[in-house]
Structures are given as structure tokens and as C-alpha cells.
Amino acid sequence: MHVLHAPAAALRQLLRFARLQALACAFAVALLAGVALSAAAPGLPVARYDLLVGYGVLLTLLFWWCGWESGRELAVIAVCHVIGLAFELVKVALGSWSYPEPALLKVAGVPLYGGFLYAAVGSYVCRSWRLLDLELVGYRPRATAAVATAIYVNFFSHHWLPDLRWPLAALLLLVTAGTWVRFTVGGVRYRMPLALSFALIGFFLWLAENLATYVGAWRYPDQAHGWQPVSFAKFGAWALLISVTFVLVALVVRGRGGRRQRQDPAATP
């Protein structure tokens with residue numbers, strides 16, 4: 001390739017990658033848009049949190065009906081929903097954050113729509129796997145799953161026991177050392193370390209969390225009297241927690257023979 005053409009080609013690839021990422025985020029974007037619109041809409045006939053439960057269910061069915069998520073992917077996304085709700089129940093009870101608005105579909109201070117926030121992350125990983133034709137090289141499923149489980153448990157247990165976040169982060173780096181994620185953009189195959197992908201996803205989840213709290217998805221204690229940026233420490237928390245979702249999705253994909261070959265209809269130009 002001529003040296004003068006290289007920057008233009010790189011820009012085209014970057015734009016293709018951004019488009020695929022936008023498609024992968026479709027569920028999350030639609031859900032967040034619904035949260036924002038419901039917050040801005042006056043005089044809703046039902047509680048906003050209850051309305052968002054119905055909206056999340058409709059979004060899920062729409063993605064399945066359009067073929068953007070398979071039945072198996074829908075199952076793993078549902079598991080993400082349940083795991084997320086369990087996480088919410090503990091964290092809200094401990095005062096880590098709150099959902100201050102009233103609702104009928106609310107258990108121990110947690111509206112059922114809260115699980116869709118974690119389902120959206122599961123949807124993103126599933127759709128990224130499909131759209132980018134992901135392949136894992138040097139992946140250690142058992143070791144990575146064990147560390148991811150410990151990370152999930154630590155986010156509960158650190159309220160009573162020593163916080164092992166940093167040792168677990170080091171252990172995650174150890175078990176993912178030499179693990180590469182291969183992906184395709186515009187017919188070109190690339191690769192990046194799995195640990196780097198966790199860090200990048202964690203950063204963008206932290207940005208999304210800032211936007212979500214701004215539109216009233218939930219509220220941290222320091223946002224009680226007005227919105228404040230979410231602590232940058234949450235970036236590290238998301239970079240660790242994404243390993244849990246990744247392990248669940250990898251279990252489904254690897255169970256079907258590794259790389260996903262079927263293309264998403266929404267990705268067709």
C-alpha cells in the first residue's frame with residue numbers, strides 16, 4: 001500500500017470498527033434512550049421504573065424476533081439479568097447506590113428493570129462476538145472462570161472481609177496472559193490481548209455509567225443533591241466485572257464450536 005494511502009485506509013477501518021461497535025451497543029443505547037425519555041416525559045400513567053420493565057422486555061423480544069440475538073444468546077443474557085439483580089439487591093441494601101423513585105415492580109429497593117442494565121452488557125458481548133467474528137487464542141476457560149467468580153464474590157464480601165480487588169486484578173492478568181482476541185474488521189483480521197479488551201470495555205462502561213446516572217437510571221450517595229461525575233475508581237470495577245459476562249458468553253460460544261460464522265442482518269451494508 002502506498003504510504004500516502006495508509007492513513008486513509010486506517011481511518012476507513014477505524015470507522016468500520018466504530019460502526020460495528022455501535023451495532024453491538026444497540027440494545028444498551030436503546031435501553032438508555034428509554035431511560036432518558038422516561039425521565040423527561042411528564043405525567044406518565046405508571047411508575048417510570050415499572051414502565052422500563054415492560055420496555056426492556058419488548059426490546060429483548062424485538063432483538064430475538066429480528067434475529068439479532070439467538071435463543072442461546074438470549075439465555076445467557078437472561079443469566080446476566082439474574083446475576084445483575086442479585087448484585088443490585090446486595091449493593092442497594094448496603095447503601096452503595098439507590099433507586100429513589102416508587103414502583104410496584106420493586107424488590108428490597110431494587111426495581112426489576114435494574115437487571116436489564118446488566119443484560120445490556122451481555123447483549124453487547126454477544127453481538128460483538130457475532131459482528132466481529134471473535135476467536136480466542138490461548139484461552140484458559142477454567143482458570144479464567146474461577147478468577148471471574150472470585151471477582152464477583154469479592155464485590156459482595158469486601159463489605160465484611162478484606163477487599164481483594166487488587167490481588168484478583170493481578171490474578172486476572174496472570175490467567176489471561178498470552179490470551180488473544182482475534183476479530184475481523186472490513187475483511188482484515190486483527191488481534192488484541194484479552195486483558196486489554198477488558199480494560200477498554202471497562203472504560204466505556206464507566207462513561208456509560210456517567211450518562212446513565214445523569215438521566216436518572218440510579219443514584220449514588222454523592223449524587224443525592226445533584227448529579228456528580230461517577231468516581232474514576234468505577235472504571236477499574238467495570239474492567240474486572242466484565243470478565244464475568246465474558247466467561248458466560250464464551251461458554252456458550254465455545255460450546256457451539258468456537259467462532260461464530262453467522263452474520264448479523266443488521267451488519268449488512
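Which helix supplies the largest share of the lining of the largest cavity? Here are some notes on this predicted model, starting with that point.

1. **The cavity.** The answer is helix 9, which gives six residues to the lining of the largest cavity. A search of the whole structure turns up one cavity of 30 Å³ or more, and the largest cavity holds about 170 Å³ of space. Its lining is made of 13 residues, and those nearest the centre are I83, Y118, L241, V244 and T245. At least two lining residues come from each of helix 4, helix 5 and helix 9.

2. **The largest pocket.** If you are thinking about open space, the largest pocket has about 1,300 Å³. Its lining counts 49 residues, with V121, Y124, I201, F204 and L205 closest to the centre. Two or more lining residues are given by each of helix 1 (6-24), helix 2 (26-40), helix 4, helix 5 (114-131), strand 4 (180-185), helix 8 (194-214) and helix 9 (233-255). Helix 8 makes the largest contribution to this lining, with ten residues.

3. **Helix 8.** This helix is worth a look of its own. Its 21 residues reach 30 Å from the first C-alpha to the last, close to the 30 Å expected at 1.5 Å a residue. The buried residues here are L194, S197, F198, I201, G202, L205, W206, E209, N210, A212 and T213. After the helix comes G216, which has a positive phi, near 85°.

4. **L194.** This leucine lies in helix 8. Is L194 buried or exposed? L194 is buried, because its relative accessible area is 0%, below the 20% cut-off for that class. As for distances, L194 and S38 are separated by 156 residues in sequence and by 37 Å in space, C-alpha to C-alpha.

5. **W218.** You will find this tryptophan in the loop between helix 8 and helix 9. W218 has 11% relative accessibility, so it counts as buried, the limit being under 20%. W218 and A47 are 171 residues apart along the sequence, while their C-alpha atoms are 15 Å apart in space.

6. **Helix 4.** Just past the helix, G95 adopts a positive phi of about 80°.

7. **A nonpolar surface patch.** V57, L58, L61, L62, W64 and W65 together make a nonpolar surface patch of about 670 Å². One of them, L62, is found in helix 3 (residues 48-65). How does L62 count, buried or partly exposed? L62 is partly exposed, because its relative accessibility is 38%, which falls between the 20% and 50% cut-offs.

Technical notes
Residues numbered from 1 in each chain as written. Predicted model: local features only at pLDDT ≥ 70, side-chain atom pairs only at ≥ 80, totals over all residues. Heavy atoms only, no water. Patch = residues over 30% accessible without salt bridge, like charges linked within 9 Å, V, L, I, M, F, W, Y side chains within 5 Å. Areas by Shrake-Rupley, 256 points an atom, 1.4 Å probe, with all protein chains shown as cover. Salt bridge = Lys/Arg side-chain N within 4 Å of Asp/Glu carboxyl O. Helix = DSSP H or I, 4+ residues; strand = E, 2+ residues; numbered from the N terminus. Buried < 20%, exposed > 50% of the residue type's maximum accessible area, 1.4 Å probe, protein only. 1 Å grid on protein atoms, 1.4 Å probe; cavity = no way out; pocket = protein on both sides within 12 Å on 5 of 7 lines; lining within 4 Å. Points joined across faces, edges and corners; volume = space filled by probe spheres on them. Expected span 1.5 Å × (residues − 1).
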